[in-house]
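These are my notebook entries on one protein chain. I set down what I looked up, starting with a pair of strands and ending with the chain as a whole.

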Amino acid sequence: MKNIHRSLVIGCSLLALSACGPDDIASPGGGNITINYPAPTPAPTAPTPTPTGGLSTAAANCPTIADPQGLTDGGVLSGPSGTWRACTLPRTLAVSSTLPRVPGVLYQLAGRVDVGCDGGFAAPSAGSPHASTTVGCGTLTGDTNVELTIDPGVIVFGGTGVSWLAVNRGNKINAVGTAAQPIIFTSRQNIVGLTTEASSGQWGGVVLMGRATITDCKSGGTPGVDCERDTEGASDPATFGGLDDTYNAGHMDYVQIRYSGYVIGIDKELQSLTPEGVGSGTKLGHIMSYNSSDDGIEFFGGVVNLKHYVAVGAEDDSLDIDTGARVKIQHAIIAQRTGVGDTMMEIDSNKNESNSPRTNVKLSNFTFFQGKTGNDDLASLFVRGNADVSLMNGVLVSPDNPCFGMFADQGSAVGDRATAAFKSVVMKCSSPFVQEDSYKKDGVPNNAFANDTAKTAFGDGSNNNNASFTPAVTRTLFVNGTAENGVQWSDPADAFFDTVSYIGAVKDTVWYSGWVCNSAAATFGNSVTGNCTDIPVY
């Protein structure tokens, strides 16, 4: 089975899990960093309302929610933004509930929090009971159909490292913020003022589990028949997979996820957001990952589309897509911090090349920046195994690393190996391509491909591609310069993609305006939430 060493995790309850993290995972420090941002050009329109600039005053009590267990008063937290009432969610939400935005209230995950019970591979029906894999849920005769709604402007924080939100099969999330009031998932340290530009891995993350088809099944499973996987690292089961490629896990829009990726063991961390076997009915848009100790997003199988994605400071892959995922993404900005991070994109189903469905990725209108990194996988864009990749209208700036590499597991059949196609992609790197015979994984040469596979796939000089481009765009605002605007764009020829006549993530419409946070690694100008080390007060 494929060793997905950057994936999801942890347990469910309030058990204290000991963990040892990689050396490059920074411990939280004290104080915040003040950055003076230049005026953006073109200047985005500031959304309203903006933060008051004042301090928060803790609410007198927690609001009432529909779940009969209710919210538990976790006391008052104090930090640079004032005081807040911490209202703790129950271990399992048993009925559909809404977290309203109330001045002076934050919502706490005190450990793993389940949205409903796991309904299984297929929805159970009367006469066909199913034992839920969600701890304490017993036997079901139908989906629990719990929907967690989170109102615009709400802040949810992980109270401990093992805190994470698990949206189980047969249930949904409805976390839809606005540009003026994005929803923020973050850590307790962020609330009390103990995060810095190097902080990460302080809580788990958000996990969406669905019933779409996947590969790399757990023991005994067959892709396309009965394939399921467990969320890696979870001390109690958190299972995903099925046969419904239209599965709807809910809707997330205008959401920031900060400081995720708690480390519970070697190579076992959570991502900011992990869609696992979710289907085309799931809606994802305007998602920001900030300083995940693992990936920004990792898609495990399923069929899902995403528009408007920002990943800053991921310490592994900013975008990881594998195990038969079929994903379309448009309008993406990635900026990694210098000295940390692995690939910008890792696309594969490595060591299960004969599995079906194949991982398939289409990405258009992206701007990626990578600093010097101890990149285990050598290339900023890394494609291997059973995967088909189409990249269009993109800008990659990675002056200290090679741009692109393609690899295959030794012995894999030629027809099972990855393919890649590029149109209107420009790159500036230390070298354009990784030579396959120089690549080693676990000390073993991996030279199943001919030596010039990556070079041939890119096609420098054809299809408007340029492997030695001189960029004008910068990490400040990410708006195209004259050089980018001079590149001929290509039509993705797919109904999902917006029709735009430019390469890169941003030309005239500054779609990130207001709802993302700022940091030294990436400056976006006006923000209703301020610096990523700050907590907004509306």
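I began with S1 and S2, which form a hairpin with 2 residues between them; strands here are DSSP runs of E with at least two residues, and helices are runs of H or I with at least four residues, both numbered from the N terminus. S1 covers residues 72–79 and pairs with S2 in the antiparallel sense over 6 bridges, where pairing requires that DSSP finds at least two bridges between two strands. Within this pairing I noted leucine 77, whose bridge partner in S2 is tryptophan 84.

I then followed S2 to strand S5 (residues 105–109), and found that the two run parallel and are joined by 4 bridges. The bridge partner of threonine 88 in S5 is glutamine 108.

Why is strand S2 described as largely enclosed by the rest of the structure? I found that 6 of the 7 residues of S2 (residues 82–88) are buried, and therefore the strand is largely enclosed; buried means under 20% relative accessible area, with a 1.4 Å probe and protein chains only.

A note on the basis of these entries: the model is predicted, so that local features need pLDDT of at least 70 and side-chain atom pairs count only at pLDDT 80 or more, while totals for chains, interfaces and linings use all residues. Residues are numbered from 1 along each chain as its sequence is written, and side-chain values use heavy atoms, with hydrogens and water left out.

Next I looked up glutamine 256, which lies in strand S17 (residues 250–258) and counts as buried because its relative accessibility is 0%. Beyond its neighbours within four places in sequence, glutamine 256 is in contact (heavy atoms within 4.5 Å) with residues including Phe185, Met288, Trp515 and Thr529.

I turned to the nonpolar cores, each a set of buried Ala, Val, Leu, Ile, Met, Phe, Trp, Tyr and Cys residues joined through side-chain atoms within 4.5 Å. The largest has 76 residues, and Phe185, Met252, Phe299 and Phe404 have the most contacts inside it. Strand S29 (residues 387–407) gives the most to this core, with 7 residues. A second, separate core of 31 residues includes Val312, Leu477, Trp511 and Trp515.

Last, I recorded the chain as a whole: it has 3 helices and 32 strands, and 61% of its 538 residues count as buried. Among contacts with a separation of 6 or more, 75% are between residues 24 or more positions apart.

Methods:
Buried < 20%, exposed > 50% of the residue type's maximum accessible area, 1.4 Å probe, protein only.
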